[in-house]
Amino acid sequence: MDFDFQHCIRCTICVENCPVYRVNPEFPGPKQAGPDTERFRCDDEKSLDKWIRLCSQCKRCEVSCPYGVSPAELILKEQIRYGTRHLMPLTSRIFARTYSFGLLASFIAPLVNKALSLKVIRRMLPLMGISPGAPLPEFRFWTLKRSWRRKGSRKAVKKVFFFYGCFLNYNRPDIGRNIRDLLASLGLRVVMPKQYCCGLPALGNSDFEKARRYAERNARILVEYIDKGYDILYACTSCGLTLTRDYPGILKAPEGKKIAENTYNIHEYLLKLIDEEGLEIDFKPLEKTVAYHIPCHLKALGIGYPAAKLLDKIPGLHCTVLDDACCGLAGSYGFKYKNRTTASRLGEIAAAAIKEVHPDVLIADCGACRMQLEHFSDIQAKDPLEILMASLNPEPGGK
């Protein structure tokens with residue numbers, strides 16, 4: 001890592017691509033927060049750089065750096081160091097436990113959803129450090145974990161483990177079940193065994209030990225299925241980035257490299273089956289204009305935009321790819337009261353670009369992006385796979 005950040009030539013391209021620096025003058029940008037300050041950091045000294053927590057970990061600085069420097073990783077390590085040597089705020093403790101809170105909330109979903117819709121409750125959220133204006137998700141009792149966990153023939157040639165993540169499990173299990181059914185209808189054997197949070201919420205809130213425990217638990221399960229011939233698929237780009245980048249990297253999960261080598265984005269996997277295995281999908285015409293917001297973590301994965309290539313195969317569909325803006329929610333970042341102005345400004349910028357396209361619907365691979373952009377644009381937001389499924393099973397008389 002020392003050798004890595006010494007490659008920084010201070011060209012400021014990372015600063016130009018930093019969404020937080022664009023709207024928040026208190027954040028000095030990834031160059032100063034990363035390589036510049038790293039040269040003077042000492043493990044034996046307590047970090048006083050409170051502004052380090054203003055970075056949203058969108059990773060756009062890493063994608064833009066022409067010399068392979070990783071400012072976001074330097075900043076993440078300093079965020080963890082800062083978090084372990086200072087009293088962790090209540091908000092960070094809450095969001096580091098997204099998985100546990102989701103589990104609890106799903107059991108009493110109607111009560112939680114009703115409470116979060118009340119103005120009096122919303123006005124009390126700042127007391128816990130949560131922004132009252134953030135688009136909070138609804139919870140569902142009938143989670144993916146409580147759904148039928150297997151589908152497709154046992155004799156299927158291709159077997160996949162669907163790593164669905166917390167958002168699809170607790171908040172949008174309907175999308176998760178549709179993805180499971182779609183994969184099974186294409187001839188794949190799909191399993192959704194017991195799984196835990198990928199660990200990113202804990203990592204992003206400086207609870208490194210909790211993130212590592214999640215990674216170790218998941219790694220044992222994932223490797224067991226990889227050894228049985230299963231490929232690992234993810235729909236959430238943030239989960240995917242954690243499995244493929246952080247498990248073998250900062251979290252040092254058991255056999256993290258093996259997990260990364262056998263884990264695929266769902267759209268990437270479908271394209272692979274079409275191009276290499278001859279899978280034929282009968283896409284039916286769909287007369288829609290779609291604005292496709294590219295999540296920052298999809299850019300960071302470095303796999304291109306596979307969903308856009310699949311959508312190109314749908315006759316009649318006009319898809320505009322928008323990859324310049326960050327939605328501003330960035331996982332739990334935008335839910336925090338201290339980040340409310342930054343998150344709102346970035347959400348407004350991204351929503352304005354979408355509105356210029358005048359789409360029928362906006363799509364994004366990340367559930368957090370969809371919540372934020374639907375909130376600021378008032379345009380219905382969907383997962384790209386929902387558009388693919390609409391093409392495969394068009395509603396009678398519908399567009």
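In strand β7, Val290 finds its bridge partner in Cys319. The two strands concerned, β6 (residues 288-293) and β7, pair in the parallel sense over six bridges; strands count as paired if DSSP finds at least two bridges between them. Helices (H or I, at least four residues) and strands (E, at least two) are DSSP runs, numbered from the N terminus. The model is predicted: local features need pLDDT of at least 70, side-chain atom pairs count only at pLDDT 80 or more, and totals for chains, interfaces and linings use all residues. Residues are numbered from 1 along each chain as its sequence is written, and side-chain values use heavy atoms, with hydrogens and water left out.

β6 and β7 belong to an open sheet of four strands with parallel pairing, in the order β7-β6-β8-β9. Its edge strands, each pairing on one side only, are β7 (317-322) and β9 (381-382). Helix α20 (residues 340-355) packs on this sheet and touches β6, β7 and β8 (361-363). Contact means heavy atoms within 4.5 Å. The direction of α20 makes about 155 degrees with that of β6. Axes are lines fitted to C-alpha atoms, for helices over the stretch in contact, and angles run from 0 to 180 degrees between N-to-C directions.

A further open sheet has five strands, ordered β1-β3-β2-β4-β5, with mixed pairing. β1 (150-151) and β5 (263-265) form its edges, each pairing on one side only. Strands β2 (residues 159-163) and β3 (residues 189-191) pair in the parallel sense over three bridges. Within this pair, Val160 is bridged to Val190 in β3. Helix α14 (residues 208-227) lies across β1, β2, β3 and β4 (231-234). α14 runs at about 165 degrees to β2. Helix α17 (residues 266-276) also packs on the sheet, touching β2, β4 and β5. Its direction makes about 95 degrees with that of β5.

Helix α12 (residues 173-185) packs against helix α22 (residues 384-392) at an angle of about 50 degrees, with the axes 10 Å apart. α12 and α22 are therefore oblique to each other (angles under 35 degrees count as roughly parallel, over 145 as roughly antiparallel, 65 to 115 as roughly perpendicular and the rest as oblique). From α12, Ile175, Asn178, Ile179 and Leu182 meet Leu385, Glu386, Met389 and Leu392 of α22.

Ser391 also lies in α22. At 0% relative accessibility, Ser391 counts as buried (under 20% relative accessible area, with exposed over 50% and partly exposed in between; 1.4 Å probe, protein chains only). Ser391 touches Phe283, Lys284, Leu286 and Ile314, leaving aside residues up to four places away in sequence.
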